[in-house]
Amino acid sequence: MASLVSSAGPGTHLIPKGLFRKSTHLIGRVVVALGLIAAITLICFRVIPVNATTVGFFYLVAILSIATASGLVESTIASVVAMLCFNYFFLPPIGTFTIADPQNWVALSAFLATSLAASQLSARAKRRTKEAIDRQNEMERLYSLSRALLLADTTRPIARQIVQQIAQTFEFSTVALYDRTTGEMYRTEVDDMSDIEAKLRDAAVRSSVYRDEESGLVVTAIRLGGEPIGSLAMKGAPLSDPALQSLLNLVAIGLERTLSQEAVNRAEVARRSEELKSTLLDAIAHEFKTPLTSIKAVTTDLLSAPSAELQPHQRELISIADEGADRLSKLVTEAIQLARIEGGKFQLSRAPHFPRSLVSAALRQMNSLTDGRKISASLQDDLPQVSADAELIQMVIAHLIDNALKYSPSGSPIEIGACVREQDVIICVVDQGKGIAEDEQSRIFDKFYRGSKEQALKGTGMGLAIAREIIRAHGEDIWVKSKPGKGSEFCFSLPIAPRSGGE
Amino acid sequence: MNTGRILVIDDDPQIRRAMRTSLTARGYEVGDARTGEEGLDKLRSETYDLVLLDMNMPGIGGIETCRMIRSSSEIAIIMLTVSNTEKDKVDALDAGADDYVTKPFSMPELLARIRATLRRLPQAPDYAHLKRLTRQGVEIDLSSRQVTVRGHTSRLTAKEFDLLSYLLARPNKTISHRELLQAIWGPDYGDELEYLRVFVNRLRKKIEPDPSEPRFLVTDTWAGYRFRLPQ
């Protein structure tokens, strides 16, 4: 047998004992073989006297039986002893090892040659049969393993099931599996695993095979499409090379199947929860905005009346209701924006846009909300296009402008500028407000955070958090530069869009 | 004082109440409906000039209602919706709406939109010679607002008609987005490129033998649109 693991001993410390047991077995079988030769000699010499040829045949039959039943060593020893007995007891002169007749020399040599050759053939046939049976066993085990892996319970960790199935099917004393994607180790038992763990990691990284002939340990990489995806260690039972390869393939396919299954499941769960979230948010938006719509329709209609038709106090009261409705509407809008954007699980629809058009679109959106404040956008025409989700970036700019409007004195100007820095375009919104203390600058983008002295100001506390989430989703950065008393400068970067081909 | 008949289709009774009160006070005649189905019924039995259509309604919903109105009528449609995403705007315009207002809106803004939507191009005298145009199997009859392409006749909505006749009156000349928006919708407009994109697409479907490869209504990238009139 092309044994992969030559010593089948179950453990290092057991080897002398195993060898001892093995040699005792051999000695026992030799004794039995010699006993058989002795019995034939005794019967033919003393009990039923027969001629030398018949005795020779009896010996040959016995040696063939020994070769079939035991092995080459036993049958070879038996052949030599039978030859000696044949010579001593049956070939004249009887009772001596000398041979008088040269014909008997020929007979004796023929006997020895025949018995040795027969032993050899018989032992080889036996070995082939054993090999075939072993292969068949391995095939059956591989088959039952593949069936078990196909039927594996997908709700439990597949790697653990693979380990258990291998140990059970192939009767290994120890099986350990290292999953490189998760970095986790699965094993049957905990005896002296520290050594194996290191070997498992090593095998998975280097895609190598490690064999310890003495202890019968095999550690080998599990490859899929040439890439190592993990490693497997086994100890306690021999396994042929082809069977080991098939086993590794099965494990690789099993692991890969689960990985793809898990990825599909995760994506499906994420998609469903996104869908549910989106539906819920739409419903909430609708429920809040519908009553707000009728309130706004009423207040704005009344406020649009010529001034003569309304008493000043009536106009003031309606304005209060109108502003309240605006504030509530903004709160709902921003809470929903934030809920949608948070967690970064949303689709960006990126396209090349000119920074100038993004800024002017944002300004247009805010048109009615700037209270007539002076906002100057000084963006050069030759700025390159940026790769961004226009709608979301307009939202960011709108939030920054809104923030600047809220936190700077009503007469002061607000400026929007942009410049190129390496692979990015930086867009900045600059105000001349009170500025932000240094210790507050890092917290200003947090949800619901407001400057310590700003509690009285209107605002939802969500605008800058929304802006940061959107910029982060673009893989970019947003920051503030500010000094108390000297205004603030909010900037964010956007990647320059790759130039389209053909230019 | 304004004149015109407006149908308000919205499932919220308070919104219908506010609309009816405000619009009636401005001189419009107002009818209302609670669902798309009811609105379609009213449109079959009564005459209106404009529909204010809520996008998010139980039953067949606003978009489908819009499509169904459009399949048989050229009436002006303004969609009202809670969401102001680009996609929803384009969906509404694609379904055949002429304009789009986000809830909550201010009444003066809505009134301005209604006026812009009902507003018609002054019929300039030089349009007269354009009344009928036949080129390459395409027949455009401005007097009856009908277009026939390969034997298939379709009617133009008011805004489609205005856009087409504006471009047709200035053949082979690139008209900027802003000029088109202000001419067709009014001086308050100018940056709503998505309106033009959708309306030009709608027109192409009606007048171009192959809308994906326009022969007449061509885009001049970044600049505007041009009506190519083969001599």
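## Exercises on a two-chain model

Pro104(B) sits in the loop between strand E5 (99–102) and H5 of chain B. Helices (H or I, at least four residues) and strands (E, at least two) are DSSP runs, numbered from the N terminus. This is a predicted model: local features need pLDDT of at least 70, side-chain atom pairs count only at pLDDT 80 or more, and totals for chains, interfaces and linings use all residues. Residues are numbered from 1 along each chain as its sequence is written, with chains lettered from A in the order in which they are written.

**Exercise 1.** Classify Glu171(A) as buried or exposed.

*Solution.* Locate Glu171(A) in the loop between helix H5 (158–170) and strand E1 (174–179) of chain A. Phi is near 55°, a positive value in a residue other than glycine. Next, apply the cut-offs: buried means 20 or more other C-beta atoms within 10 Å of the residue's own, exposed 12 or fewer, partly exposed in between, with C-beta atoms placed from the backbone. Glu171(A) has 10, so Glu171(A) is exposed.

**Exercise 2.** Repeat for Asn172(B): buried or exposed?

*Solution.* Asn172(B) lies in the loop between helix H6 (158–168) and strand E10 (175–176) of chain B. Phi is near 60°, a positive value in a residue other than glycine. There are 11 other C-beta atoms within 10 Å, so Asn172(B) is exposed.
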